[in-house]
Amino acid sequence: MRCISQLKISRFDALFTLHNLRYGVAEAYAFTDIARDSNKSIESNTCGFKTYDIKVDLLGILDRRIEEISRVSRGMSDGRRMDYLKGGMPALDFHGSLMDLLNTLYDAHTYYQSPLTMFTFVIPVGFRASCSPCDGMNKNQKVYLREVGLDVEYRKVFGRWPTLQHYNYLTPIATINGYNVLDWMESMVKGVLKGVHLGLNQRLNDWFFVKDGPIYVPLAWYHVGSSDIKPLKVVYEDGASDSIEWMGKFIDHSKGMSSMGVTDGLSWRVYNSLVNKNDKFDYVVDMEKDKFGKDLDTLLEIGNITTGDPTLDRAVIEVLNKNRRQVTAVEQINTMDDRTVTSALAGMDMRRPHTTTSNTHQLVRGGATVVDKEVIWKEALGGILKWRVEGRRAMVVVVTTFSIDATKYHHLLPQFFTIQQEARALGIRRILLDLSGNTGGSLSSAFALLWYLLEPSEVCQPLSKHITEHWSLWLASFADHWAQSIEEGFRGAWREGDEFIRGRMEELRSILRYAAAIDSGVSIPNLDAALKNVDGIERWLLGMEPDGASRKWAFKEILKHKLFLTERIFQDVTRSNTGWYPFGNVDFVDPATGTPFEPPLEHYDHPETHQWGGVSSSNYSQRAPWAFCMDIVQRQMPALKEEQYDDEYSWSYWEEVGVLTDGRCGSACTTVASTLYISTRATTYTFGGRIDKPMAFGSYAGGNVISYDQFWPRFSIASHLGNWGTLGGSQWSKKYAHKWMHYATIFPTTATASFTFNMAFHNGLGPHSLPVQWYEIPSHHHVGMWARSLNERVAIEKYVVHRDWAYDMLHPQYPTMGYCIPNKKGGSSLMSYPNPLPSRKRIPGEFTDQVEVGSGNFCTVYKARDTIDNRVVALKVLNKDEVRRAKKEKDVLMEKHALSRLHHRNIIKLLYTFVDVDNCYIVTEYCDGGELWNVVAHCGIGEQLSKYYLKQMAEALLYCHQAGIVHRDVKAENALLTADRRCIKLCDFGTARDLLNPQVEGAGNMCFNKHMKHYVGTANFLAPEVILNKENDEKSDIWSFGGTIYQVRFGIPPYVAGSEYLIYLRIRHKDLQFPVNDGVIATENPVPKPLKKYSVTHGSITPHQR
């Protein structure tokens, strides 16, 4: 630590670094305004989600840091100013503060990577959790120490083991450094380990519970100070304690450097040079300053600070230009007191935690399958995709990454055709996606996966871009008004004569050579072609009359049509015929037409205005989907389906979809999970971390990530070509062409950065919502289990498969945090049918083996076999003429409407509806157990069994009421039993009422030629207000349910008399009698305990008292 603390960075390099972060990263970052204070955003979302609380004023903080350095040098002489800027400041604190700043955004796409890449701190133990019982809300979670492979190195250094007796789950940890162990972990992920994931529980899982090795803390990513690496004072529940030291890891280049004449390769001087050297920096600054006229202003004319030792400088450059893990680099473990030992784990991956790929996800392969004990996996794509059948209840599919080779359609995951074929053969209609540890990858594969599971129109969700004043000016100068900028440039810069043409062409050659030097995308063949193109243009122009109008006209046309660019550079820079990097008219399509915007760039030129982050007004481009996503959905996937000859494949085959993650979902992974969640296609599950707190299934679903190392060269090239092509006549050129302001360039060190450029939305959250990643969206259910490998996750997968996904979707574990199920019209309702009916057209001939099981005045119900889906169904056939004669058309429509909005394990499931010339058909699941009334008739059933069935009916009614549906005919006859008689299904919704959609109404009844709107139901169960035709809402269902409790318990309706009129009199007078053991009806006997609550609610004549 003492060595690291001595490292310095010059104020000049610091100033340049801050400038690049301010005018490169913060200016281009999609969420700069929102992040100022996310909770001050004026927004609304249809699901009641809360925003993450982020307060990071990137622009303000960076401006102040720049001003602090600049202010001191004002008024100094040139010599004193140069000495001041060459002076050093502590590198660890400087770089650490910048990492802290960007890590506080908790956006894994947006970070600052310091040049301190050769240093890493290590916590040489691991942690494991357990609990009993694990009900998800208890406080009995225990944490234990784990051995992680560094004990031998630790003993070499400290002469003792990290701990002697508390491995192997013997004794739980009580406290670390005086804090409860879980509270200590939280303080770590809020402090030194901050970053990557917005959710606290996600960070806990990532750092402490899913790792198999030590906890590595690289100084390239995290700010570690002396106070952070104090020994861990671990106290166990049995009173014993341990003191565990941190360890350090660094890369030793001394052997390689000694061959180049540097003998003190482990010295502070060498490492100071390594972290401060970027051999391209001087070249870039010199080119910008001398060739392109950039004025360094207060930065003065000094370049990268060298050591003054040419031998060391050459050696350092050689090291930086090589892969640091090759040839002579030896990683070592060291302690805080300078003792070092060679590490047996020298090859351990040192990337950010969310990008680590654990080898525990690889199982032993055997032939075409992967065998893990008794679990047999099939696999494809080199193990990236695995699937199996779980107990004939669901297909379990594991996708470990979306970084998939695009050859032979691999990135489109064609194996999902096979998976559904296998599911059809087994009659399985549920699929569980296990995305645990999936850190993202290509959005192409994510969109392809969504196509297999979701209605195609819901796959491609909109994106937007923050349009700052700078970007507005940029677009106006080089995209919207390119021709006008050229005219303006010609008025001030055009000169007659050959020298002007030669000068302009030579400047263009310099720009192209500069582009090849700073941008690896401009290869030598491309450069040669570009230079030959310039030579040809020059010869052509010089062949014209020097003072003639034809040369001026020809040059102007070359510029207007951008003929000075070859096709490759044209594609990279202009992004379309009308665009200019980083904006083009090819990235997004107009959501109204599915084609590029017309007029071009309209989505940028006419932005939306929002008050987000406490900013009075910010502009954002119109929301639009990716063009490549639309191409995948509309062209590539249908073509792949045709190639696979799988006409049967349909996303709607899957009746239920589940998603399981450990919270570490990367951006592509989160795109899949969040789209399925908000589209109400999937129920989401998470595991690990703290089980008494919610966990988000994903984190950063924010558009696309841009590496600063890719961004600054393209931006620099685009600015020079734009300025050259308009002869300096554009508004942007006039304001910024010769200034460093609003100009992103190379870092003076090997530091780098990354940022989110576009922001992703979801239509289901409404038009006034924030981007998806700013909402804290917990999984529907957080599982109190932990796993670090696929082997261990099998138990969690089994647990999830055996849960009721439909119930969990509608009864989330943390409902106060918001949850939503958008309806098919794009609105939102907290309760509505999550799976739209299949669009496949059906015909009666597809239903065979029909056996009549019931009939009524205008319908007949058959038990039948669906030959298409190969399952037994209930086929309800309604004769159109009889329905019209009974004036029950509205009741038929109501039953279809109500069932299409409801999806619950205790409600009959609607499968299809269709019509022919004579009949209407309603197809539902078939229940072999008959009506509940058949079980309870005349004698009733015992108390325990009554509770079992009535609890299910109560849950179904509660769900209906939350969805705004009133059943209006609750009784045992309208509850069906499954074949094993373990589950009831509420049915017969023809008389239902939808309070949320009053435009859809049932037929009601006629009485004495008067239409009775609310007088609906069975007389023995009608509430008093229904009898009076006053109202019929949830309270009326509660009354009827009370009557059903009586009916199930005693085997008779609660009110019985010789006529409906006499029944109504008994109801009005609360004339309720209870049977006694000898069969004599009594009114004086005490009410049985199971009916005490019933007697209070049911007996309340006034609805609001129920």
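## Terms and basis

Buried here means under 20% relative accessible area, exposed over 50%, and partly exposed in between, with a 1.4 Å probe and protein chains only. Helices (H or I, at least four residues) and strands (E, at least two) are DSSP runs, numbered from the N terminus.

This is a predicted model, in which local features need pLDDT of at least 70 and side-chain atom pairs count only at pLDDT 80 or more, while totals for chains, interfaces and linings use all residues. Residues are numbered from 1 along each chain as its sequence is written, and side-chain values use heavy atoms, leaving out hydrogens and water.

## Helix 5

Helix 5 (residues 91-103) has 13 residues, which at 1.5 Å a residue should span 18 Å; the end C-alpha atoms are 18 Å apart, so the two values agree. The expected span is 1.5 Å times one less than the number of residues.

Ten of the 13 residues of helix 5 are buried, among them Phe94, His95, Met99 and Asn103. The buried residues pack against helix 1 (2-5), helix 2 (11-28), helix 3 (58-73), strand 1 (8-10), strand 3 (88-90) and strand 4 (111-113), where contact means heavy atoms within 4.5 Å.

Five strands form an open sheet in the order 34-35-36-38-37, with antiparallel pairing; two strands pair if DSSP finds at least two bridges between them. Strand 34 (847-855) and strand 37 (910-915) are the edges, each pairing on one side only. From one strand to the next, the twist averages 25°.

Strand 37 and strand 38 (residues 919-925) run antiparallel and are joined by five bridges. Tyr912 stands opposite Val923 in strand 38. Helix 29 (residues 889-901) packs on the sheet, touching strand 36 (871-879), strand 37 and strand 38. The direction of helix 29 makes about 145° with that of strand 37; axes are lines fitted to C-alpha atoms, for helices over the stretch in contact, and angles run from 0 to 180 degrees between N-to-C directions.
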